[in-house]
Amino acid sequence: MELKAREPFVFYSTAHIIELTGRSARSLPELRSGIAEVTGSSIFHHTFGALQDRFFAAQRFTSDFARWAVEVLQDWAVAERLALMHPTEFPSIRALRERILQVIDDRLCEGQPPAPAPPGREFHFSQAISLIYPAGYAAATLVELRDGIRRASDRTLFFHLIEARLRIGRCTTDLSCWLSDELGAPHLADRLDRLDFFVPSTEDLRQQVLASLEDAP
Amino acid sequence: MTPPGLALDDYAPIIGPAAVAEIRELARRLEGGQLLMVNSTAVGGGVAELLNRLIPLLKDLGIPTRWEVIRGGQEFFEVTKAIHNALHGTPVALTPAMRSLFLEVAAENAGSLDLDADLVVIHDPQPLPLVAARAPGRGQWVWRCHVDVSHPQSEVWDFLREHVVRYDASVFSAPEFSQVLPVPQYMIHPAIDPLAEKNRDMTTTEIEAVLTDLGIRDDRPIVTQVSRFDRLKDPVGVIRAYQLVRRTVECQLVLAGGGAADDPEGVAVLQEVRRAADGDPLIHILDLPPFSDREINALQRASAVVVQKSIREGFGLTVTEALWKKRPVVASAVGGIPLQVLHNLTGLLVHSAEGTAYRIRTLLRDPAFARRLGENGHEYVKTRFLTTSNLRRWLALAHALRHPGERIIRLP
């Protein structure tokens with residue numbers, strides 16, 4: 001008999017408007033100062049915002065900090081370390097910010113910092129204002145959940161798998177919480193939590209999620 | 001102003017029904033707040049083009065939207081042209097008389113226009129002082145600046161800034177184009193309309209007919225730059241690059257522009273371009289009349305490579321148009337172009353005539369690479385720089401303004 005949740009899982013969508021902070025950085029130390037002081041919304045936007053549309057994730061770093069470090073400062077080492085941050089590694093944006101600061105501090109301790117950016121190539125800090133609203137469909141069973149995943153937009157997948165975890169402060173992904181707490185399927189939640197979100201396209205991500213929800217005992 | 005009817009559902013084949021449904025959900029939650037757009041011209045120019053496409057979609061979403069155009073005489077528009085040039089950093093003397101005229105015309109317009117709405121969006125500097133007429137406690141006012149004001153003539157910017165700070169928020173096209181302001185600043189990229197005459201799909205027959213009309217034979221690869229004849233677009237540099245390419249690769253060059261007829265500087269530049277072409281029959285210099293959207297569309301689609309070798313650039317919507325048409329683009333890394341042309345991914349960025357030549361040659365010799373860049377560029381524009389993305393961002397901004405200070409806004 002198919003499991004039915006006590007509370008349905010409501011799919012949400014998001015829209016973002018980018019707010020400019022007016023703050024910019026010309027050098028790695030200035031980038032560090034900015035990262036230490038800007039909002040958590042800014043940290044999230046610059047680190048994981050690009051995962052929403054996943055353009056060229058295989059060819060260029062998705063973190064804005066990493067991309068600026070390599071394209072403007074031409075410091076590959078710090079760029080690579082900044083790029084290798086996965087949303088599932090961090091319980092909160094505070095933890096993410098601390099890790100980024102640590103990477104930059106380590107680099108600054110290693111020796112001469114990279115040359116500053118030329119005029120016009122500064123890093124501009126901005127932040128995403130997120131609007132979250134019901135997408136208009138819900139799931140009470142695993143079959144319905146899979147159907148919802150199939151019809152979900154890029155934004156819906158991004159919200160449930162990445163944004164809800166870090167910005168809204170859900171336990172893991174909110175999908176995992178529902179699988180575990182409402183549907184009584186903690187093994188599926190566990191499987192979902194171990195997915196790698198750094199895949200080339202939204203379709204790849206969707207297929208990964210669907211595959212993780214199959215073969216339920 | 002009543003722009004022609006367009007419906008959001010017309011875009012479903014392009015962006016998908018799910019994206020259309022999401023935009024509708026976002027709009028529904030605005031619950032009928034009235035929107036007013038104000039600019040300085042109903043036809044011609046990028047802002048009018050944008051509003052002509054955006055406003056019907058807002059109405060289709062059930063958002064009561066009006067469009068008002070300010071009126072002013074020739075003298076007024078000479079003042080606003082001077083202000084525009086000063087914002088681009090050109091030294092301009094804005095005399096007290098010019099400032100007075102600028103403010104007087106705004107006051108006259110404030111008396112005759114209906115400025116009552118829940119959200120009033122003022123486009124560009126011409127109608128900027130209208131904010132003085134806002135009714136206390138009524139509506140929110142946003143200044144949408146389409147101009148790059150990052151390096152303005154300071155005296156003129158200080159004059160404008162007094163008005164900008166009276167708005168609830170400002171909107172710029174890119175972080176690089178903005179100024180430090182005490183009011184919230186948001187970013188909304190400009191956009192192109194995939195259903196407009198300039199961007200709609202065309203059949204091969206249609207494209208060939210346009211080429212025939214323009215006297216261009218499709219017997220060798222076409223390299224095109226679409227831009228008004230302006231030194232900042234470096235048309236002579238494009239000819240230099242083409243001549244370097246022609247040493248080893250067969251091709252022809254199209255320089256398609258307009259506006260030379262009523263612009264003394266444009267006439268001079270056109271003459272320079274003709275001199276540089278030196279009678280080469282494979283260089284086609286087209287001084288197109290206004291509203292040549294069909295011709296531009298066909299030229300871009302017929303091109304093996306589209307070039308935008310600007311020395312300075314705003315956002316660069318001609319680049320967006322070429323990317324949308326899956327054309328491989330070679331463009332200068334200036335203004336808003338690097339936001340669209342991701343080097344080696346959606347196009348190729350260059351910094352000189354030699355670099356332009358090198359990259360054109362590469363693309364002409366490697367059609368598979370050129371095709372890959374074109375496909376990538378199309379997908380990139382589809383997500384970020386279409387009217388529908390623009391619409392979504394305006395709706396998000398309208399919501400955000402209702403929740404000042406909140407960074408995560410939950411809508412019921």
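**Strands, helices and domains**

Reply: Let's start with one residue pair: B:Leu36 stands opposite B:Arg66 in S2(B). Keep in mind that this is a predicted model.

Me: In what sense do S1(B) and S2(B) pair, and over how many bridges?

Reply: They pair in the parallel sense, over five bridges, with S1(B) covering residues 35-39.

Me: What's the strand order in the open sheet of nine strands?

Reply: The order is S2(B)-S1(B)-S3(B)-S4(B)-S5(B)-S6(B)-S1(A)-S2(A)-S13(B), and the pairing is mixed. At the edges stand S2 (65-69) and S13 (408-410) of chain B; each has a single partner strand, so one side of each is left without a neighbour in the sheet.

Me: And how much are neighbouring strands turned against each other there?

Reply: By 25° on average, ignoring direction.

Me: That order has strands from both chains in it. Parallel or antiparallel, where S1(A) pairs with S6(B)?

Reply: Antiparallel, over three bridges, with S6(B) being residues 185-187. One residue pair to look at is A:Glu19, which has B:Tyr186 in S6(B) as its bridge partner.

Me: OK, zooming out to the whole contact. How many residues of chain A and chain B are in contact?

Reply: On chain A it's 29 residues, in contact with 32 residues of chain B. Strands S1 (4-25) and S2 (123-141) of chain A are the elements that give two or more residues to chain A's side. The largest share of that side comes from S2(A), with nine residues.

Me: What does chain A's side look like by class?

Reply: Where chain A touches chain B, there are eleven nonpolar, twelve polar and six charged residues.

Me: Switching to domains. How is chain A divided?

Reply: Domain 1 is 4-14 + 129-212 and domain 2 is 19-127. Their C-alpha centres lie 27 Å apart. The contact takes 15 residues from domain 1 of chain A and 16 residues from domain 2 of chain A.

Me: Which helix gives the largest share on the domain 1 side?

Reply: That's H7(A), residues 154-166, with six residues. By class, the side of domain 1 of chain A that touches domain 2 has seven nonpolar, three polar and five charged residues.

Me: And what are the domains of chain B?

Reply: The assignment gives domain 1 (8-191 + 386-402) and domain 2 (204-384). In chain B the C-alpha centres of the two lie 30 Å apart. Ten residues of domain 1 of chain B are in contact with eleven of domain 2 of chain B. The domain 1 side of that contact has four nonpolar, five polar and one charged residues.

Me: Back to chain A for some helix packing. At what angle do H3(A) and H4(A) pack?

Reply: About 165°, with the axes 8 Å apart; H3(A) is residues 64-71 and H4(A) is 76-83. Angles over 145 degrees count as roughly antiparallel, so that's what H3(A) and H4(A) are to each other. Their crossing is left-handed.

Me: Which residues meet there?

Reply: From H3(A) you have A:Phe65, A:Ala66, A:Ala69 and A:Val70, and they meet A:Trp76, A:Val78, A:Ala79, A:Leu82 and A:Ala83 in H4(A). By class that contact has nine nonpolar, no polar and no charged residues.

Me: What about H8(A) and H9(A), how far apart are their axes?

Reply: H8(A) (174-182) and H9(A) (186-193) have axes 7 Å apart and pack at about 165°. They are therefore roughly antiparallel to each other, and the crossing is left-handed. A:Leu175, A:Ser176, A:Leu179 and A:Ser180 in H8(A) meet A:Pro186, A:Leu188, A:Ala189, A:Leu192 and A:Asp193 in H9(A). That contact divides into six nonpolar, two polar and one charged residues.

Me: Last topic: what's the order in the open sheet of six strands?

Reply: In chain B, S9-S8-S7-S10-S11-S12, with parallel pairing. S9 (283-288) and S12 (348-350) are at the edges, each with a single partner strand, so one side of each is left without a neighbour in the sheet. Neighbouring strands here are turned by 20° on average, direction ignored.

Me: Which residue stands opposite B:Ser332?

Reply: B:Val350 in S12(B). S11(B), residues 329-332, pairs with S12(B) over three bridges in the parallel sense.

Me: And which strands does H8(B) lie across?

Reply: H8(B), residues 235-246, lies across S7 (222-226), S8 (252-258), S9 and S10 (305-308) of chain B, running at about 170° to S8(B).

Terms used: Residues are numbered from 1 along each chain as its sequence is written. Chains are lettered from A and ligands numbered from 1 in the order in which they are written. This is a predicted model: local features need pLDDT of at least 70, side-chain atom pairs count only at pLDDT 80 or more; totals for chains, interfaces and linings use all residues. Two residues are in contact if their C-beta atoms, placed from the backbone, lie within 7 Å. Helices (H or I, at least four residues) and strands (E, at least two) are DSSP runs, numbered from the N terminus. Ala, Val, Leu, Ile, Met, Phe, Trp, Tyr, Cys and Pro count as nonpolar, Asp, Glu, Lys and Arg as charged, and the others, Gly among them, as polar. Two strands pair if DSSP finds at least two bridges between them. Axes are lines fitted to C-alpha atoms, for helices over the stretch in contact, and angles run from 0 to 180 degrees between N-to-C directions. Angles under 35 degrees count as roughly parallel, over 145 as roughly antiparallel, 65 to 115 as roughly perpendicular and the rest as oblique. A crossing is left-handed if the near helix is turned anticlockwise from the far one by less than a right angle, and right-handed if clockwise. Domain bounds come from an automatic or database domain assignment.
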